[in-house]
Amino acid sequence: MTKAESFLSMHAGGSPLLLPNPWDPGSARLLTWLGFDALATTSGGFAATQGRMDGAMSRGDVMGHAAAIVAATDLPVSADLENGFGDDPDTVAETVRLALDAGLAGCSIEDFTGRADDPIYAIGHAQERIAAASEAAHGGPVRLVLTGRAENHLHGRPDLDDTIARLLAYERAGADVLYAPGLTDLDQIRQVVASVQRPVNVLARPGGPTVPELAAAGVARISLGSALCFAALGAVVEGAQELMQLGTLGFLDRAAAGAKAARAAFAPEA
């Protein structure tokens, strides 16, 4: 079984696939050591490692990063490929082919344009882009698990009917998994799951449903986006502020726990 086949099978296991998002090879190795079954990159987390905001990295940067994550683990890795790094379907297809070259088991393509004045592609054009991605992902001897993403809830368009219509269009276009980041209402999530025939991914959000609640709703996969990366950065801020403002060193206890985990994950024979 290939990594892509294994990855796809994880979406039908009866309980949600917990898909954490490493932001560098070290965090990928740590999450592998912790026992997760698969990993996914985070565009926002990777950008943060370069002191930049989500969406600021080039396609070449993202592909190099994805290849580094793949090299750091034996687990299947899916990549956040943002909007495919171009408006036209041919560019999206080329991005997916590069993902195959990077050794990825999966990837996601979103319908966010990157333009504040017109943030979401028209549904017909968005479907064409997913169809081109699907042909590239599924047309050769090696396949990718393709996730189609409807981004309107993250960009000021909380229209559930439109979200479901988009996900159905991406299903028809060949997406293997469907994803509408930004949904936190459990009833709306249930409606999405009931409306489509493909596995549904949900992004964990503050105040959103718990893993057991999402499992009961029929969600197949739960991802974290950039949350783990920013939790780590939050710990850096808290420790540094404690040092500067209080002059105390309580954060060293957390550092010791992190160092112990790193030794176990990075040098288990030591």
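Tutor: Let's start with the open sheet of eight strands, which has parallel pairing and the order β1-β8-β7-β6-β5-β4-β3-β2. Keep in mind that this is a predicted model.

Student: Okay! Which strands stand at the edges?

Tutor: Those are β1 (17-19) and β2 (39-40). Each has a single partner strand, so one side of each is left without a neighbour in the sheet.

Student: How many bridges join β2 to β3?

Tutor: Two, and the strands run parallel; β3 covers residues 77-80. You can find Ala40 bridged to Ser78 in β3.

Student: What holds strands of a sheet together in general?

Tutor: They pair through backbone hydrogen bonds, either parallel or antiparallel.

Student: New topic: how many cavities of 30 Å³ or more does the structure hold?

Tutor: Two. The largest cavity has about 50 Å³ of space.

Student: Which residues line the largest cavity?

Tutor: The lining is Ala180, Leu183, Ile189, Val192, Val200, Asn201, Val202 and Leu203.

Student: And where does the largest share of that lining come from?

Tutor: From β7, with four residues. Both α8 (186-195) and β7 (200-203) supply at least two residues each.

Student: Where does Leu243 lie?

Tutor: In helix α10, which spans residues 227-246.

Student: Why does Leu243 count as partly exposed?

Tutor: Because its relative accessibility is 45%, and partly exposed is the range between under 20% for buried and over 50% for exposed.

Notes
Residues numbered from 1 in each chain as written. Predicted model: local features only at pLDDT ≥ 70, side-chain atom pairs only at ≥ 80, totals over all residues. Heavy atoms only, no water. Buried < 20%, exposed > 50% of the residue type's maximum accessible area, 1.4 Å probe, protein only. Pairing = 2+ DSSP bridges. 1 Å grid on protein atoms, 1.4 Å probe; cavity = no way out; pocket = protein on both sides within 12 Å on 5 of 7 lines; lining within 4 Å. Points joined across faces, edges and corners; volume = space filled by probe spheres on them.
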